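Q: I'm new to this structure and would like a close look at one part of it. Could you pick a helix, walk me around it, and then show me how the rest fits in?

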Amino acid sequence: MTFKELGLAEPILKALQAEGYERPTPIQEQAIPILLKGKDLLGVAQTGTGKTAAFGLPILHHLHNAQNGQQGKRRLKALVVTPTRELAIQIGESLTAYGKFTHLRNTVIFGGVKQGKQVNALRNGIDILIATPGRLLDLMNQGFISFRDLEFVVLDEADHMLDMGFIHDIKKIIAKLPPKRQSLFFSATMPKDIVELSRKMLGDYERVTIKPEQATAEKVEQGVYFVSKGNKPKLLAHLLQGRPDDSVLVFSRTKHGADKIVRKLNQADISSAAIHGNKSQPARQKALGNFKDGKLKVLVATDIAARGIDVEELSLVINYDLPNVSETYVHRIGRTGRASASGIAFSFCDQEERPLLRDIEKLIKQEVPRMPEHQFVGGEDEAGVGKEQRPQRANNPNRNRNRNQNRNSNSKGSQNQNRGRNRNRF
Ligand code: AMP
């Protein structure tokens, strides 16, 4: 299947060629025909699957065809609501690229910055608006945005909207949408609240599901290091020192943890920056910009701040902490191995995180390959992992604990085999 066979308008095909896209990704192949027919869509898929083009191309196609010969000020005809500023900016960049041979114009609005420039862009007239929920409602309430001419509405990353507490804002936005519209609803997971929300928004819809296993397992090489909590900084510095030219995204479970990792890396003379919700918007954009340009090789991010970070040449993702929610693992490792590239994702797992690893393996239906022994295994820490490589004496008071650890570390069956197999993989 080619983009041409999907029936997209000529200027869009030209832009895709300029982007170097040779063929549609699975979600594009499935979603684009549904959307070109004018039906609503429920897309169960994560960022990294080519989701933006899956919804963006048909919208651009419809608007381009309707635009021919149209006069007067531009009216807002398509709205994309997305949870984070980073994701909003990224979607704006993608739609600008896909629409560069059309005359369609988009703008991006998000909170945390003054509204002046955003209001000016809206006043000048736009066809497509990409917005985070809070700023959207704010500018609507101030009378700068009208939904009167809206024909297309995309709700992106609905599950993360919910996680971030946007549910009331989203309900208010949905309540104001014009009844005659085409609605697109995307979420990586479908818990009960999200199903309910999707019912509120969608009319006669078709569903497309891109399973996380498809998105991850095939393209991303994975590996897990068993390491004590106290030794994680050393192992991280060691891995990064061995890959000075790689662009690496490190995930931390908490904002405080992300700052701590940056401090530890600085002590090891590795420059890095953290992005998370407590950082100012200019600081986040600067760090992300430097990372995208390759000036900064290591970016430390929390899950929410990292949603949708789209960096070409991102070669390595490191899960410094394992996430509490298994689906998040899939999101994280999806940062590398984007659409056509392949990538590597390493995870650090301390004793307390073993159950989280088991949950992840259950979800992705595969064992994350065990990485070879490393020099930072030993050392006591609060998680109780220490000296597990040492031979035990019969009356050693730590005997039972160490026994359990050895049993745990062997309980994955083929672990030793994997160690050998993976030693030279990465
Ligand atoms: P998304 O899931 O929309 O964030 O897209 C993930 C990445 O895949 C982005 O870097 C896109 O530029 C890229 N991409 C999307 N569709 C294609 C395609 N058909 N061929 C190659 N790359 C693509």
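A: Let's start with a crossing: helix α7 passes helix α9 in a left-handed way. Keep in mind that this is a predicted model. The axes of α7 and α9 are 9 Å apart where the two helices pack, at an angle of about 45°. That angle makes α7 oblique to α9. If you want to find the spot where they meet, look for Pro133, Gly134, Leu136 and Leu137 on the α7 side. Facing them from α9 are Asp169, Ile170, Lys172 and Ile173.

Now for α7 itself, which runs over residues 133-141. Which of its residues are buried? They are Pro133, Arg135 and Leu136. Why do they end up on the same side of α7? Because they cover an arc of only 165° around the axis. Just after α7 you come to Gly143, which takes a positive phi of about 85°.

The strands in that cover lead us to a sheet. β2, β3 and β4 belong to an open sheet of seven strands, in the order β3-β4-β2-β5-β6-β1-β7, with parallel pairing. β3 (106-109) and β7 (205-209) stand at its edges, and each has a single partner strand, so one side of each is left without a neighbour in the sheet. On average, neighbouring strands here are turned by 15° against each other, if you ignore direction. Further along the order, β1 (residues 40-44) pairs with β6 (residues 182-187) in the parallel sense, over four bridges.

How many of its seven residues are buried? Seven of the seven are, leaving β13 mostly covered. The cover is on both faces: Gly343, Ala345, Ser347 and Cys349 are buried on one side, and Ile344, Phe346 and Phe348 on the other. β13 also has strands running parallel to it. Seven bridges join it to β8, and four join it to β12 (residues 314-319). Phe346 is a handy landmark here: Gly223 has Phe346 as its bridge partner, and Ile318 stands opposite Phe346 too. For Ala345, the residue standing opposite is Val317.

Glu221 lies in strand β8. Is Glu221 buried or partly exposed? It is partly exposed, because it has 18 other C-beta atoms within 10 Å, and a residue needs 20 or more to be buried. Glu221 and Ile344 are 123 residues apart in sequence, yet their C-alpha atoms are 4.7 Å apart in space.

Finally, step back and take in the whole protein. It has 19 helices and 13 strands. Buried residues make up 45% of its 426 residues. Of the contacts between residues at least 6 apart in sequence, 76% join residues at least 24 apart.

Terms used: Residues numbered from 1 in each chain as written. Predicted model: local features only at pLDDT ≥ 70, side-chain atom pairs only at ≥ 80, totals over all residues. Pairing = 2+ DSSP bridges. Axes fitted to C-alpha atoms, helices over the stretch in contact; angles between N-to-C directions. Buried ≥ 20, exposed ≤ 12 C-beta atoms within 10 Å, placed from the backbone. Contact = placed C-beta atoms within 7 Å. Arc of directions from axis to C-beta. Parallel < 35°, antiparallel > 145°, perpendicular 65-115°, else oblique. Left-handed = near helix turned anticlockwise from the far one by under 90°.
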